[in-house]
Amino acid sequence: MNQNNFWDFFLKHYRVTYIIVILVVIFGVISIWQMPKESSPEIDVPIAMVTTILPGANSRDVETLVTDPIEQKLLNMEDLDTFTSTSREGISVVVVQFDINTDGDEQVSKLRDKLANIANDLPSDAELPIIEKIRFTDQAILVMTMSGDYNSKELRDYAEIIETDVEKIPFVSRVDIVGAPAKEMKVEINKNKLDQYNLSIGQVVGAIRAANSSLPIGSIETGDEVFSLRLSGELKTIEDLRQVPVVSINNTPVVLQDLGLVEEFYSNNGSLSRLSVAGDKSEPAVTLYVYKSTGGDIIGIVDQVQTLVEELIGTSIPSDLDLAYIENWADMIKVDLYNLIFSGLQTVILVFLLLVLFLGWREALLASLVVPLTFFITFICLSYLDYTINFLTLFSLILALGILVDASIVVVESLYQNLGAGQTPEEAAHNTTQEFALPLISGTLTTVLVFLPMMLTSGIIGKFIKSIPVTITIVLFSSLFVSLGILTTLGARFLKSKHNTEYFSHVGIAKKMDTYSKVVKNKYLNILSDVLSDKIKQKNIYIGLVVAFILSISLPIIGLVSVNMFPASNYDTFYIDITNPIGTTLDETNESAKTLESILVQDERIDTFVMKIGGGATTPHTANFIIKINPDSKDQSLNLIDEYDKKLAGLFRGELVVRGLEDGPPQGSPVQINISGESIDDIEKLAGNYQQILGTIPGTQNIRLSSPESNGEFVLSVDRVKAKIYNVDPTIVAGLLRSAITGTTATVIKEGQTDIDVIVKYQIDTNKDSLGLAPSVTLDTIKGLTVATPSGSVPISMFTSVELTNSRSVIEHEDGKRQIKILSDVAEGFTAQGIIAEFNEARNKVSVAEDIVVDFGGEQEDINESFADMGKAMILGMFSIFALLVWQFRSFKQPIYVMTSIPLSLIGVLVGLFVVRQPLSFPGFIGVVALAGIVVNNAIILIDRINSDRDKGLSKIDAIKESAQSRLQPIFLTTITTVLGMLPLAISSETWGPLAYSIVFGLSFSTVLTLFLVPMLYNRFEK
């Protein structure tokens, strides 16, 4: 060895290299075992939600009385990005998003300070706003449902047993119970008896509150000791509540049960839930949602929960309960990990078999070591950086699988050639690092430089994908270290040195492949020589590439290649949502759900489903199904979704959506048109016109408004003159009606650890068998309600009138302005871009008021923003690559030869996606970015060899031919191993298929460019 370099350290101190390998394996396994596994990366996003309840108020009142005052407080906040609000019956939700680069916890603290005195601006009966930070990691990682031959109370008791024990497990943030009835104490006041004793409902509520009190009195000293003194008056049982005195008449107390019905009951909270297992008839069910906190390992948490539940069955809860795990994120993560391991093994096997054919089994075994060693180093680094194993880190590793073997193949192929030339193993290893260290480092840096600028992507998506460039950078540098430091050392110790003929005769199969390789090399050299000597052919090639490039980039524009951020994937779960017209009762929605249940139980492909109807007073018109597919079924979720979408079309009078589990970050509807303005009437009218226009455009599906019009509301108007005559305060009338219809929570009674609400209302419900929360009441009953006045009780009909008016169930704001969104799905074969283009052309005929703003959002906005940021990152990456190559080659022209293959590789990508009918998705675009770094590697090695041969005295044309011929085999091997490594992923995954196909087609096409276009350019423009 005539010259030392950095990598010779590992050659000379091979025992140290062995120790490094052993430590990498040990600590790599430990890191994989200890790293938290989760579905999405843990990111801190400064978003807060302000929730305020105003019982009994309609959406307009909530908007005026609650939402507007809160939004006014937000206007001057620092670091405020945007805020949106939703006002619906009884509740206001304001979502506040701060600058993405600020600290989320600090901003939420400032928001609490800003709204500290907001109660002074809200109605007296409004509850205090609840301010909480939105955490992306606060997700339900396990959904389990139980049913059986037990009543609702028993099911809830069993669910609470599980809840109590599960919440003790580390990193379980909470357990939510859904579908279980809540115990309440109901006081139904008979209005006639109330009038008989000349009482108001407010006096009844006051008496209950006063009776349920516990007050500290102080301390006393007695018997040389000090004792605290407390007055205890808490209500503990239903009997205590019945005996609460309200008033005393002639020294005779009138207690609560004298005024009406006082009883315990279980409220369904406006929702129902049922479970069907293995095709059996659905039974009432209770569902538990288990949530994790930051830093928790999903697989570990779920395993602990399932183990705990198994221990409880037969002891604390009965063994004949039907318990089903409907959603299990741990299983999904295990599948992703399995796919990664399987893809890695496939790549290792393919690399091994290919290199056995061309080089021999020792060289093949050596090159195959790069995959596990690189992954072990990567997991060690990620664990040190406090990263988690999630779908993005797994995605990055899958993406890197096809790239990381390139350096090892170049190194092993060089060792093979050097050993075949008669060099000793040590000389072969030294000369390999001497020749290829710089071009391999440069090639690695070019790939890293196209990924690192992705860290500059703005917004939530930027934080979300940050782990991709970090992980890939670690992988690539790790593979470079393994290839140049470890593989060369192991090669020097375990490969044999033989003269050329003896060596090739020894490797058997490799001898035959070498013969074939020589034939291919000679054929390639003849074709290249012919092209280099014929300027007309070169001109035709240039023109053909320009035309092909223009045609290929037009494919997404004209819709022949669709653009879809995250294509749907096959899972073992899918969903069906039924949304009946607003105003539909819970009983009617229940009948719709039973119709669908009868269809599902007859399908043998469906294993289990859980159904939830309603979700409170505002959503009795909705029903949601989570459906788990039978593991033995050959049908996957995408097939069943398509089948049921067609099968159920038109079966229900409301809107029905069959959908699958979405991959990637949350997305909006494919088509979303935002209409903002001050006047709700103006934007409603324009929204109606635009909705009609959208309905005429082919390809639109399920067109709807984000705030659909309700079935109306009855408005009681107070005649203030008549009210003054009777000396009636309108606020007292409002309180009376709210107590009569909605009821008033008078107090809370403690029963163990459970809080039980005491609800006071009038006996006016004519249909107590109804499932819904809203009472069945006639307008005559409401008009007949009386209010106490100085001159006696007066019916409210004496000073009020009733009118049925139009209303919105939901009123939305964005940055304080009212807004309505028009949403639409897109039929197969159409694109959102095409639909929006047609809509823009048609809407020009509709006049729009000056204060109304129309823009687009949803998936289209996501696509535009994400692709724009990724495009900027790619441009910055290419500029960085150019600068690096200028430094390496000390030339401005040679980097251009190398980089011409980057944009031209899009020909292969887009034509390939068109051929296999795959969309240009977010993963596909990541594949395009990856190509920018991959495709230049072969060109770098080729030009570096040409320059080296010219430095040795060869003429330009001879150097081009010799270098092209000598580099043909490593270029072919690196390309085919990358392509073969990506093919299993392309075939098996709907989500990552576009990524794999982008690399497969782009790299294949760019390899041809490298073998012909780079020599042509070098020959044409170099002196």
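**Note on helix packing and strand pairing in the predicted model**

1. The crossing in which α19 passes α32 is left-handed.

2. The residues that bring this pair together are, on the α19 side, Gln538, Ile541, Tyr542 and Leu545, and, on the α32 side, Phe1005, Leu1009, Leu1013, Met1016 and Leu1017. Sorted by class, the contact of α19 with α32 holds eight nonpolar residues and one polar residue, with no charged residue taking part.

3. From α29 the contact draws on Ser901, Ile902, Ser905, Leu906 and Val909, and from α30 it draws on Val928, Leu931, Ala932, Val935 and Val936. In the contact of α29 with α30, eight residues are nonpolar and two are polar, and none is charged.

4. Turning to the strands, β17, which runs over residues 606-614, is mostly covered, since seven of its nine residues are buried. One of its pairings is with β13, residues 271-277, in the antiparallel sense and over seven bridges; within β17, Lys612 is the residue that stands opposite Ser273.

5. Strand β17 also pairs with β18, residues 622-629, again in the antiparallel sense and over seven bridges. Here Thr608 has Lys628 of β18 as its bridge partner.

6. Which residues of strand β4 belong to its covered face, and which to its uncovered one? In this strand, residues 130-133, the covered face consists of Ile131 and Lys133, whereas the uncovered face consists of Ile130 and Glu132. Strand β4 pairs with β1, residues 47-53, in the antiparallel sense over four bridges, and Val50 is found opposite Ile131 of β4, a residue that lies on the covered face of that strand.

How values were computed:
Residues are numbered from 1 along each chain as its sequence is written. This is a predicted model: local features need pLDDT of at least 70, side-chain atom pairs count only at pLDDT 80 or more; totals for chains, interfaces and linings use all residues. Side-chain values use heavy atoms; hydrogens and water are left out. A crossing is left-handed if the near helix is turned anticlockwise from the far one by less than a right angle, and right-handed if clockwise. Helices (H or I, at least four residues) and strands (E, at least two) are DSSP runs, numbered from the N terminus. Contact means heavy atoms within 4.5 Å. Ala, Val, Leu, Ile, Met, Phe, Trp, Tyr, Cys and Pro count as nonpolar, Asp, Glu, Lys and Arg as charged, and the others, Gly among them, as polar. Buried means under 20% relative accessible area, exposed over 50%, partly exposed in between (1.4 Å probe, protein chains only). Two strands pair if DSSP finds at least two bridges between them.
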